[in-house]
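This report describes selected packing features of a single structure. Please examine the sequence and the model below before reading on.

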Amino acid sequence: MVMSLSEPEFQAWNVSESQFSEDGPRIEQLKFLLNYAILAPSSHNTQPWLFKIVDDNIIELYADRTRGLPLVDPVDRALTISCGAALSHLLIAIRHFGYDYKLELFPDSSNRDLISRITVDDDRKKPFSGENALFEAITKRRTNRLKFEDRELEESLISKLRSILVNNKEGEAEGKEEERAKTVWFHIARELDEKNSLADLIAEGDRLQLSDKRFRRELASWIHPNRSHSKDGMPGYAFGYNDIMSHMGPFVLRTFDIGKGQAAKDRQLAAGSPTLAILGTRSDEPMNWLKTGMALSRMLLTAQSENVWSSFLNQPIEVPELRPKVQELVKQENGFPQIMLRMGYGKEVKPTPRRPIEDVLRQR
């Protein structure tokens, strides 16, 4: 299916490496790399990131907390995960265009908004080809909330997803591979009973969240009509709404408790998904959230490179009283669930809008 991406709010998805200026000013080259970072996923498509280019060889990533979600994400956990995904996208692009770099995570203890500092080498080398599939998947990745085919993921792909946590050394201190693997863990619900129990928690999360008028108002504020030219948030089509429903949806959401119906829908979606997976960490601090986002980025791109789609079912992780129950079901791991994913084969979907580089670039 061919998607039209001619509208201004979708132009970011048309970026091509052929547009990279080989002989252009250094600052413009670094600025171009940000085109790939802004295509990362974020909660409610808030795009809570800002970038700053310093001295023509440093890119800084900042959390834009003005785009936070006070009700669903009061401590900015999801916001930090989103920034981690954008950071990973950026690092993949930097390597693809032949640069080495030095990465620092949370480099300034006095500035919690400064998420990372990347010092890019002056000299370009031969482009790194080992991540070509990931780089090419950046412009193809979408959050796909539609029903997936009744077809299991290939075991070879699942092995690749697991290996990401062992082989990815970004931001890690030197150490044994098994120690790096413990930073972020990845669990797949394979048993039917476990999948059904997780689906029950997802449904309960829907009921609890949507019974809260404040939550409904916050969510509705990020849902836009299909024909809106907003450069952030979630257009109605992302939920399968036609043009009429995309106008009515936010009003209905703000006005009525639709938790029971949404719970039934999401429970069926979760239980029927070929793969239901959880990303978690041993601790529950900003550094853990950031590394979750970095791992998430690589997993989504690895899956997309094999035409596997993903979407999020984070309701039981977002509701404080349900999060420990998720952990109880993940018997093989200890710590804190951070992200719940459904993955599978399905139809292509249109991407969500993106803010242009000019809107996310801090002044020097």
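A residue is called buried under 20% relative accessible area, exposed over 50% and partly exposed in between, with a 1.4 Å probe and protein chains only. Tyr36 is buried by this definition, with a relative accessible area of 1%. The model is a predicted one, in which local features need pLDDT of at least 70 and side-chain atom pairs count only at pLDDT 80 or more, while totals for chains, interfaces and linings use all residues. Residues are numbered from 1 along each chain as its sequence is written, and side-chain values use heavy atoms, with hydrogens and water left out.

Helices (H or I, at least four residues) and strands (E, at least two) are DSSP runs numbered from the N terminus. Among the buried residues are Arg26, Leu30, Phe32 and Tyr36. With contact defined as heavy atoms within 4.5 Å, the buried residues of helix 1 pack against elements including strand 1 (49–54), helix 2 (77–96) and helix 13 (357–360).

Asn57, in the loop between strand 1 and strand 2, touches Arg26 and Leu30 as well as Ile118, Thr119, Val120 and Asp122, not counting residues up to four places away in sequence.

Rings of Phe, Tyr and Trp (its six-membered ring) pair if their centres lie within 6.5 Å; planes under 30 degrees apart count as stacked, over 60 as edge-to-face and the rest as tilted. Eight aromatic pairs are found in a search of the whole structure. One of them, Tyr36 with Phe97, is tilted, at 6.2 Å centre to centre and 45° between the planes. This pair links distant parts of the chain, 61 residues apart: Tyr36 belongs to helix 1, and Phe97 to the loop between helix 2 and strand 3 (101–105). Phe97 is buried, with a relative accessible area of 4%.

A charge sits over a ring if NZ of Lys or CZ of Arg is within 6 Å of the ring centre and within 35 degrees of the ring normal. Two such arrangements are listed below.

| Charged residue | Ring | Distance from ring centre |
|---|---|---|
| Arg124 | Tyr99 | 5.5 Å |
| Arg145 | Phe239 | 4.9 Å |
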